[in-house]
Amino acid sequence: MRGTRSGHTETIAFFAANGYSDCLLVNRRFFQSQVLVMDSIILNYGGGRQTVAICVLIARGVLPRPDVIVMADTGRENQSTWEYLEQHIEPFLSQHNLHVEIASHELATVDLYSGNGDLLLPVFTETGKLRTYCSNEWKKRVVDRYLRSKQIKGGTRWIGFGFEEKKRWVGLHGKTEGNWTTICPLVDLMINTATCLEIIKSAGLPQPQHSSCWMCPHKRNAEWRHLRDNYPEQWQEAIAMDIEVRANDEKGGVFIHHDRAPLGEADIDVDESVGKIQQCTLGVCFV
Ligand code: SF4
């Protein structure tokens, strides 16, 4: 396993220098689990704080170098994610001979609707919320197809869930399906999102915005405000898509915003209670 032992030593030095004492207690588990892995390591780069922090830890030699760092292009990713990738992450990674490869949305076999016409977005209905099918179709399957095109058919897939996101990683971390085992490095290292911000800062990088599609129903009001105030074209596209999915719904009862109001009319200037937000537990969005 590349760099495993020296990686562990460097982890301790890095965390000690930066005051992350909790991580020192447990990061041994990560390296013990990785020692067993002899095949490809793939980092699913989501463009958010967690996977940016993982890139920093890789560059520092704290984590082993993956064989591939790959990002699925959903065709609707926030413009801020692309800008951060181009302006900060690619220049940073290139100093370490690393690079984020893009899996094209053309590799997806479905777009907004499945073959039988079901909407794939996790929109809000009158009484609940549809399941998140888009993440699987536009990210996981797209990346699988991309990797197969490179003759990579199995190995370890790194997902950037933070340690505090237990609902998202429990049952997934350490799970083997077919030829793939999913590992959440930040979980084994007990690194939460707040520590990710420190790690990013320590590398001299600015903080990335949340990563997601511009019309994602999982967005919080703060993220909607950021879109409205900084990317008005994408905000208008999200409003138009909200209208479109409602028009295509038999009962006209689906909404992108969690208030179940048209996006253009929802009150996004207030911060909602935490319980209102249900984040995707499936895929690699928002990390
Ligand atoms: S960010 Fe939201 S809309 Fe985009 S793929 Fe993920 S869950 Fe679906």
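**Group meeting: how α3 meets α8**

Okay, let's start at the helix pair: R49, Q50, V52, A53, V56 and L57 in α3 meet T193, C196, L197, I199 and I200 in α8. By class, that contact has eight nonpolar, two polar and one charged residues. Here Ala, Val, Leu, Ile, Met, Phe, Trp, Tyr, Cys and Pro count as nonpolar, Asp, Glu, Lys and Arg as charged, and the others, Gly among them, as polar. A contact means that C-beta atoms, placed from the backbone, lie within 7 Å.

Quick caveat: this is a predicted model, where local features need pLDDT of at least 70 and side-chain atom pairs count only at pLDDT 80 or more, while totals for chains, interfaces and linings use all residues. Numbering runs from 1 along each chain as its sequence is written.

So how do the two helices pack? Helix α3 (residues 49-59) and helix α8 (residues 193-202) have axes 9 Å apart, at an angle of about 50°. The axes are lines fitted to C-alpha atoms over the stretch in contact, with angles from 0 to 180 degrees between N-to-C directions. That makes α3 and α8 oblique to each other; under 35 degrees would be roughly parallel, over 145 roughly antiparallel, and 65 to 115 roughly perpendicular.

Zooming out, the protein chain has ten helices and six strands. Those are DSSP runs numbered from the N terminus: helices are H or I, at least four residues, and strands E, at least two. Among contacts between residues at least 6 apart in sequence, 75% join residues at least 24 apart.

Last, the ligand: its shell has eight nonpolar, five polar and one charged residues.

Definitions and conventions:
Contact = placed C-beta atoms within 7 Å.
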